[in-house]
Amino acid sequence: MLAQQLLNGLFLGAVYALFAVGYTLVFGVLDILNLAHAAIFTAAAFAAFSLASAAGVPLPLAFLAAAALAGILGILLDRVAFAPLRARNAGTLVPLISSIGVAIIIGAVLRGIYGVDERHFTAGGLDTAPVIHAGPVTFTTVELTIFLAAIVLMLVLSWILRATPLGRRIRAVAEDRVAAALLGVNLEWTIAATFFIASSLGGAAGVLTALRYNSVTLDMGGPIELKGLAVIILGGMGSVTGAVIGGFILGAVETLAIAYGLSEWRDAIVFGVMFLLLVLRPTGLFGKRALRAA
Amino acid sequence: MQTLLDFYARHSRLIDQIGVNAILALSLSVSLQAGQLALAQAAFMGIAAYVSAILALNYHWPLLATIVVAVLVSTVVAALLAYPVRRLRGVFLAIATIGFGEIVRVIANNLSITGGAEGMSGIPNDATTPVIYGSLAVVAVALWLLSRTKFALAVALVREDEYAARGVGIDVGAIRTLSLALGGAIAGLGGALYAHASFFITPNDFGFARMEQILVWCVVGGVTSPVGAVIGSTALSILPEAIRFLADYREVTNGIILLAVILFAPGGLSSLWSWRRGARRDPARANA
Amino acid sequence: MLTLEHVSVRYGGVNALQDVSLTVEPSHVLGLIGPNGAGKTTLVNATTGLAPLAAGKVSLDGSRINSLPPHLIARAGIARTYQNIRLFGALDVRANLAAGAYARKARLTKDEIAALLERAGIPGLDLDARAGALPYGDQRRLEIARALASSPKVLMLDEPAAGMNPSETTRLVETIRAIAASGIAVLLIEHDMPLVRAACDSVVVLNFGEVIARGTPAEVARDPVVVEAYLGSGAEALA
């Protein structure tokens with residue numbers, strides 16, 4: 001049933017979009033691919049798990065707290081791994097590697113704290129959520145809530161970027177770092193704020209993903225790490241709108257691939273679509289960044 | 001002498017790994033020297049590994065023959081890949097090539113000839129230490145000879161400033177294709193050797209994690225330095241063994257050391273003692 | 001001899017160049033002047049294959065070159081310097097010169113290197129120095145030397161005097177005239193009027209992508225159309 005598949009794609013795509021937006025914000029502002037984003041995604045999921053299942057914090061609160069923690073982790077990430085290199089003008093490849101270093105550390109710490117076993121939320125109702133039948137489509141309240149949470153977060157981000165002084169500063173720094181600094185924008189604070197936002201969104205995506213499948217594992221960040229890259233390429237580097245639309249498109253592509261019996265090939269199809277788009281339209285659907293020299 | 005043999009016997013697996021890893025690191029170094037962040041080495045490695053394994057297991061070809069064919073295949077694939085990505089630079093190129101790698105991984109995961117998700121096992125273990133290090137020597141000598149040619153100068157110029165390179169008559173597209181193909185060939189060699197040095201191979205051996213690993217080796221060693229690539233891959237191959245005693249803290253130490261090296265020596269390990277020689281180590285100078 | 005016939009270039013909806021025709025002859029220095037944004041660098045880019053022509057034709061010694069890729073145009077014998085210096089900054093002087101000669105030969109002899117530096121006005125420059133670390137004036141001249149290394153038929157200099165003081169500029173005049181005297185066709189884009197008057201045999205004036213005047217430097221300086229075009233940007237400098 002096409003409508004059902006599209007709805008599933010929408011649900012999946014919303015989380016992809018939320019995650020990818022984090023990548024694109026950091027890339028837009030710093031020209032860096034943050035390969036610790038997926039580690040923060042995973043860390044937030046574990047944090048939410050600990051808060052909700054071990055400490056009994058109500059889920060919505062745990063979600064927000066975990067997202068905020070992820071944001072703080074993002075600021076730390078910048079201070080430790082990127083800021084020192086910025087001061088030394090080390091280019092864009094070296095920070096990529098240091099983000100890998102941080103990702104390894106985060107992964108190791110999580111493994112040390114939680115071990116390798118899969119965790120589940122014991123909070124009531126996740127597995128027995130009411131199912132809603134709305135015409136041709138069926139979904140659970142959990143899925144709906146997750147979808148709405150993702151949408152709300154993206155709308156909040158959009159509002160921040162468009163209507164607040166902070167958002168203007170972020171966009172200025174993304175546009176032209178030197179000019180922004182000359183105009184009096186405090187670069188380091190703006191960058192820190194960008195990381196907070198980007199990482200908290202990525203963390204939120206992690207919590208939502210963990211809730212959707214009721215599963216928290218050390219390697220849950222793996223698949224989305226690369227798919228997130230596909231999303232931002234599809235949508236265009238540095239374009240938040242593009243990341244959102246790209247997320248939905250890839251969510252749809254992946255779901256349809258599964259629906260039409262090509263489940264084992266779905267990753268290849270997703271990347272095939274990305275590859276094709278990249279070759280035909282190198283700047284992506286909404287790319288603001290033109291081809292940059294390596 | 002006996003102590004040397006004992007040492008070898010205890011660490012032969014690691015020694016072999018160091019050799020193969022050095023070859024893989026050199027394959028990426030070739031691309032990085034051309035300024036291309038082409039992250040498909042793991043995919044080329046995988047393609048060659050599977051080709052070599054299939055020829056050895058299913059058709060009982062001798063080692064050398066499987067290596068030759070495997071390298072040919074990976075080289076051709078690399079050269080073909082150069083075309084669709086010819087306009088891509090920087091991060092775009094990186095992500096496109098990562099995507100290519102994922103596609104290759106999924107294909108290997110789903111074909112019966114490659115053994116699907118279980119991969120292939122029972123590959124003849126005939127990539128012995130002399131074979132591996134002999135291959136490494138061949139690659140090293142070949143690259144050294146290449147560094148004295150006009151091609152090396154062109155590669156450096158394309159890396160430094162593509163527009164100015166065109167302005168002095170360099171066919172940038174051709175240089176990029178050649179360097180990608182060369183990287184594919186070397187990665188293919190590494191892959192074929194890897195297959196014959198491991199008991200089994202699976203699609204996940206050649207995925208993004210492997211690619212990240214190779215990239216880390218090169219950057220830690222020194223991005224545009226082939227010597228750095230070998231230093232980086234060797235140091236980081238030995239590191240897990242060296243800190244084995246840290247048991248559960250190995251992984252986190254790995255990450256901390258990586259971070260420390262990058263933060264304190266962004267130019268890589270090789271920049272630490274070549275600081276005096278600076279631009280003089282550049283292959284371009286060898287031709288002037 | 002470089003010939004542009006009715007060349008037009010469009011960026012977006014804007015005519016960056018419109019129906020521009022000019023000829024640069026061997027042993028001749030042609031100046032290309034005009035207010036900022038007039039299309040001077042666009043013309044150089046179009047000639048070297050970096051900008052596609054919407055109309056018209058560019059020929060070198062009678063053969064059409066405008067449909068060739070940039071590297072083949074360079075190999076055909078057109079060399080240039082760039083408005084914002086584009087040396088291979090991390091490489092040394094020797095490598096930059098070797099780069100210039102890339103299409104021609106594999107290795108430059110010591111004598112050839114010395115001759116190039118001499119012609120560019122930087123004899124005795126340290127060959128092992130990193131190009132990006134050289135003083136500004138030397139960098140500009142090294143770019144000229146690199147361009148000369150390909151033994152070009154045509155040399156296009158894009159604001160080579162930018163940032164130079166008057167005495168350096170005077171030396172540059174001698175350098176440019178000597179280059180032309182050796183048989184090369186030189187196209188000089190400049191804002192520095194004294195330099196144009198001293199170095200150029202004839203001048204073409206662009207404004208808004210169109211040719212508005214031609215002639216000797218003296219004729220052009222007196223031309224009321226030209227003076228008016230420059231009115232907002234220091235017309236007195238033309239006198």
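Which side chains meet in a salt bridge of 3.5 Å, N to O? In this predicted model, the partners are B:R105 and A:D267. This pair belongs to the contact between chain B and chain A, across which two salt bridges are found.

The interface draws on 40 residues from chain B and 47 residues from chain A. Together the two chains bury about 3,700 Å², and 81% of this area lies on carbon and sulfur atoms. Polar contacts between chain B and chain A amount to four residue pairs, both residues of each pair being at pLDDT 80 or more. On the side of chain B that touches chain A, at least two residues are supplied by each of the helices α4 (90–110), α9 (208–221) and α11 (250–264). The largest share of that side, 14 residues, is contributed by α4(B). By residue class, the side of chain B that touches chain A comprises 28 nonpolar, five polar and seven charged residues.

An open sheet of six strands is formed in the order β6-β7-β8-β3-β9-β10 (chain C), with mixed pairing. Its edge strands are β6 (78–80) and β10 (210–215) of chain C, each of which pairs on one side only. From one strand to the next, the twist averages 20°. Within this sheet, β3 (residues 29–33) and β8 (residues 185–189) of chain C run parallel and are joined by four bridges. In this pairing, C:G31 is placed opposite C:L188 of β8(C).

Two helices of chain C lie across strands of the sheet. Helix α1 (residues 40–47) of chain C lies across β3, β6, β7 (154–158), β8 and β9 (202–207) of chain C, and runs at about 145° to β8(C). Helix α5 (residues 136–148) of chain C lies across β6 and β7 of chain C, at about 160° to β7(C).

Further pairing in chain C involves β1. Strand β1 (residues 2–11) runs antiparallel to β2 (residues 14–24) of chain C, and seven bridges join the two. These strands, β1(C) and β2(C), form a hairpin with two residues between them, and C:G12 in the turn has a positive phi of about 65°. The bridge partner of C:Y11 in β2(C) is C:V14. Strand β1(C) is also joined by five bridges to β4 (residues 55–60) of chain C, again in an antiparallel arrangement. There, C:E5 stands opposite C:K57 of β4(C).

How values were computed. Residues numbered from 1 in each chain as written. Chains lettered and ligands numbered in written order. Predicted model: local features only at pLDDT ≥ 70, side-chain atom pairs only at ≥ 80, totals over all residues. Heavy atoms only, no water. Pairing = 2+ DSSP bridges. Axes fitted to C-alpha atoms, helices over the stretch in contact; angles between N-to-C directions. Contact = heavy atoms within 4.5 Å. Buried area = accessible area lost by both parts, 1.4 Å probe. Salt bridge = Lys/Arg side-chain N within 4 Å of Asp/Glu carboxyl O. Polar contact = N/O pair within 3.5 Å; in protein donor to acceptor, adjacent residues only side chain to side chain. Nonpolar A, V, L, I, M, F, W, Y, C, P; charged D, E, K, R; others polar.
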